[in-house]
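Hi there,

Here is the structure I promised to pass on. My notes on it follow below.

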Amino acid sequence: MSRLSVAAACSIFVAAVPAVASADPGDPAQVQVTVDITEIEEPGVLALTVAGNSVALTENGSDLLVRQFTGTLPTVTVTDTRTAAEIPAGAAWAVLGSSSDFTGTAGQAPISAAHLGWKPRLLNGGNTGLVSEGEEVVTVLDQPTQPGNNVGLVDQELLVSTYDSAEVTGGAYTVNADLTLRAPADVAAGSYRSTLTLSLFE
């Protein structure tokens with residue numbers, strides 16, 4: 001009886017041993033290693049892009065008192081790829097613009113940024129009605145005839161904005177602006193340059 005019990009115990013032990021990789025002495029044994037790596041989910045972003053980095057103004061509409069030059073701001077796009085959960089409560093974004101003075105490349109007297117105005121134009125504001133362009137900014141030479149308007153791109157002026165970021169998330173919104181430079185008729189001839197800076201805030 002004792003011998004049978006030992007034999008049964010041995011039989012159970014052998015059956016429980018799992019199969020293992022084996023190799024003859026001197027032969028390598030190989031073990032396959034696998035892993036599943038999921039794609040990292042990047043958080044969404046609020047971003048500003050501009051379709052070009054320069055614009056040349058050309059003379060258009062001058063008279064005996066004023067030299068006028070016009071052009072179009074390259075298309076500005078605000079893209080928001082964030083989810084509503086990633087946006088702080090009550091957040092709102094806006095694009096503001098300001099210009100430096102126009103400096104003459106041959107040493108001419110500068111033309112103040114107050115002589116540069118714009119009229120923003122919303123190209124794509126989505127279907128929510130919550131994205132809108134800023135108000136027209138006139139030049140300092142227009143101020144006597146258009147009182148109450150913002151004058152010149154001296155300070156940061158509104159180009160486009162929304163008052164509820166969470167309601168317009170997931171979209172791309174575009175805007176440009178008509179640019180107008182109005183200088184006195186006796187402005188010195190030559191080439192001038194200025195820098196128009198656009199900034200996105202939330």
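A contact here means heavy atoms within 4.5 Å. On that basis, among contacts in the protein chain between residues at least 6 apart in sequence, 79% join residues at least 24 apart.

Before the rest, a word on the basis: this is a predicted model, where local features need pLDDT of at least 70 and side-chain atom pairs count only at pLDDT 80 or more, while totals for chains, interfaces and linings use all residues. Residues are numbered from 1 along each chain as its sequence is written, and side-chain values use heavy atoms, with hydrogens and water left out.

The protein chain has 1 helix and 13 strands (DSSP runs numbered from the N terminus: helices are H or I of at least four residues, strands E of at least two). Of the 202 residues, 31% are buried (under 20% relative accessible area, 1.4 Å probe, protein chains only).

Now the largest pocket, which holds about 740 Å³ of space (a pocket is an open set of points on a 1 Å grid over the protein atoms alone, where a 1.4 Å probe fits, with protein on both sides within 12 Å along at least five of seven lines; lining residues have an atom within 4 Å of a point; the volume is the space filled by probe spheres set on the points, which are joined across faces, edges and corners). It is lined by 28 residues, and Val55, Leu57, Phe102, Tyr192 and Ser194 are the closest to its centre. β3 (66-80), β11 (172-184), β12 (192-193) and β13 (196-201) each give two or more residues to the lining, with β3 giving the most, 4 residues.

Best wishes

Conventions. Buried means under 20% relative accessible area, exposed over 50%, partly exposed in between (1.4 Å probe, protein chains only).
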